[in-house]
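Me: I'm new to reading protein models and would like to go through one with you. Could you show me how to read its features one at a time?

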Amino acid sequence: MKPLLVDTHGRTIDYLRVSITDLCNFRCVYCRPPEGVQLVTHKEILRYEEILAVVEVALEIGIRKVRITGGEPLVRRGVVDFIARLTRLPGLDDVALTTNGVLLTEMAHDLKVAGLKRINISLDSARRDVFTRITGQDKLDRVLAGIDAALTEGFDPVKINVVLLQGINEEDVPDFARMTLEKPLDVRFIERMPFGEAAPADTPLPFSAHKVFSLIGREVGKLIPVDSGPLDGPASLFQLRGARGRIGIVDPVTGHFCGACNRLRLTARGTLRPCLLAPGEIDIKAALRNGATREELSSIIHSAVRAKPDHGAKGAGLAREPMSRIGG
Ligand code: SAM
Ligand code: SF4
């Protein structure tokens with residue numbers, strides 16, 4: 001039987017989020033400041049072989065699920081071949097990808113053939129002007145086409161991640177809820193987290209996930225609670241009567257997010273990050289490049305699991321790095 005990775009707070013850690021690049025073709029207002037972020041050089045980024053070496057060891061010691069993220073993961077050259085190698089690793093129950101969707105029409109088919117099963121696509125508004133304001137790119141049509149390509153290829157589920165932005169996309173909330181009536185899409189509303197010291201003063205404020213209930217209740221219908229499965233993560237799940245998809249609420253800011261934490265993060269720069277919200281990372285790249293044994297890599301992963309705080313979301317010093325660096 002596979003061993004369990006359990007942290008010092010009794011939580012089983014079986015999920016590794018892997019950021020494969022800091023680069024992104026969007027400039028989302030809540031993620032990357034307009035003046036840009038300090039990018040790392042090619043040499044500093046983990047090579048695919050190095051990522052696979054970490055994942056292999058992580059799978060031996062208790063990780064079962066991997067999500068590929070970034071920056072925008074689909075901009076990194078060779079990502080489809082990398083995913084094909086990843087999905088063949090023994091002991092991996094699930095591989096998913098989070099993307100802004102802009103390259104999906106071209107890549108969805110190859111990703112499916114590579115063995116990817118699940119996709120999350122970030123979309124905060126289906127109104128063109130609002131989408132452009134949030135992402136800095138007039139590419140809404142391409143993202144919508146990317147969502148349809150993912151559905152056509154049979155990814156199951158296709159999830160839409162919506163970051164809640166006060167005064168910007170409140171009125172999109174009912175429309176996103178209606179999407180779940182029309183298409184087999186799961187929509188997850190996520191509270192904006194306070195990232196990025198360099199964020200401009202006009203960065204939109206978050207609004208509470210609870211407001212989602214009143215907006216949908218008033219305009220679309222009652223949200224009925226549904227049970228979550230092992231792959232649903234920290235979302236509380238609901239459904240509209242007769243809907244094809246579900247609606248998830250992820251409330252890291254106002255809710256109970258940390259108690260169910262099951263994850264560790266590997267950044268593109270080769271550090272393990274025990275907590276999304278609390279600062280602090282553990283280097284694994286130096287060990288990889290110095291020819292570390294599996295036992296040594298395993299011990300670094302164990303130390304990152306031990307470093308997981310009880311409650312990063314309520315911690316004193318919230319992370320001040322952009323999400324494009326950490327991987328969301
Ligand atoms: N580029 C890909 C994308 O946008 O889906 C993957 C990386 S992105 C950092 C991963 C997720 O983090 C996205 O769903 C994005 O909306 C979310 N995110 C980024 N900054 C955030 C913030 N400040 N608060 C909440 N979610 C955020
Ligand atoms: Fe890029 Fe994703 Fe961050 Fe938007 S949320 S800037 S698409 S990494």
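Me: Let's start with contacts. Which residues does Leu 5 touch, not counting residues up to four places away in sequence?

Reply: Contact means heavy atoms within 4.5 Å. By that rule, Leu 5 touches Arg 11, Thr 12, Ile 13, Ile 61, Gly 62, Ile 63, His 302 and Val 305, once residues up to four places away in sequence are set aside. Leu 5 itself sits in the segment before β1. Helices (H or I, at least four residues) and strands (E, at least two) are DSSP runs, numbered from the N terminus. Leu 5 and Ile 61 are 56 residues apart in sequence, yet 6.6 Å apart in space, C-alpha to C-alpha.

Me: What kind of model is this, and how are things numbered?

Reply: This is a predicted model, where local features need pLDDT of at least 70 and side-chain atom pairs count only at pLDDT 80 or more, while totals for chains, interfaces and linings use all residues. Residues are numbered from 1 along each chain as its sequence is written, chains are lettered from A and ligands numbered from 1 in the order in which they are written, and side-chain values use heavy atoms, leaving out hydrogens and water.

Me: Is Leu 5 buried or exposed?

Reply: Buried means under 20% relative accessible area, exposed over 50%, and partly exposed in between (1.4 Å probe, protein chains only). Leu 5 has a relative accessible area of 1%, so it is buried. Across the chain, 55% of the 328 residues count as buried.

Me: How many helices and strands does the chain have?

Reply: There are 10 helices and 12 strands. Among the contacts with a separation of 6 or more, 75% come from residues 24 or more positions apart. Take Thr 69 in strand β2 (residues 65–69). Leaving aside neighbours within four places in sequence, its contacts are Arg 17, Val 18, Ser 19, Ile 20, Thr 21, Thr 98 and Gly 327. The C-alpha atoms of Thr 69 and Gly 328 are separated by 7.5 Å, though the two are 259 residues apart along the chain. Thr 69 counts as buried, at 4% relative accessibility.

Me: Now a helix. Which residues of helix α7 are buried?

Reply: In α7 (residues 209–219), they are Ala 209, Val 212, Leu 215 and Ile 216. Seen down the axis of α7, these buried residues fall within an arc of 95°, so they line one face of the helix. That arc is the one made by the directions from the helix axis to the C-beta atoms. Their cover includes β5 (158–164), α6 (173–182), β6 (185–191) and β9 (247–250).

Me: How many aromatic pairs does the structure hold?

Reply: Rings of Phe, Tyr and Trp (its six-membered ring) pair if their centres lie within 6.5 Å; planes under 30 degrees apart count as stacked, over 60 as edge-to-face and the rest as tilted. The structure holds 4 such pairs. In one of them, the rings of Phe 26 and Phe 131 have centres 5.9 Å apart and planes at 85°, so the pair is edge-to-face. This pair links distant parts of the chain, with Phe 26 in the loop between β1 (15–19) and α1 (48–61) and Phe 131 in helix α4 (residues 128–135), 105 residues apart. Both Phe 26 and Phe 131 are buried. Phe 176 and Phe 189 also pair edge-to-face, at 6.4 Å centre to centre and 80° between the planes. Phe 176 lies in helix α6 and Phe 189 in strand β6, so this pair ties together parts 13 residues apart in sequence.

Me: Which residues surround ligand 2?

Reply: A residue is near a molecule if one of its heavy atoms lies within 4 Å of it. Ligand 2 is surrounded by Cys 24, Phe 26, Cys 28, Cys 31, Arg 32, Gly 71, Asn 100 and Ser 324.

Me: Where is there a cis peptide bond?

Reply: Most peptide bonds are trans. Here, a cis peptide bond joins Asp 156 and Pro 157, with omega about 0°. Pro 157 lies in the loop between α5 (140–152) and β5.
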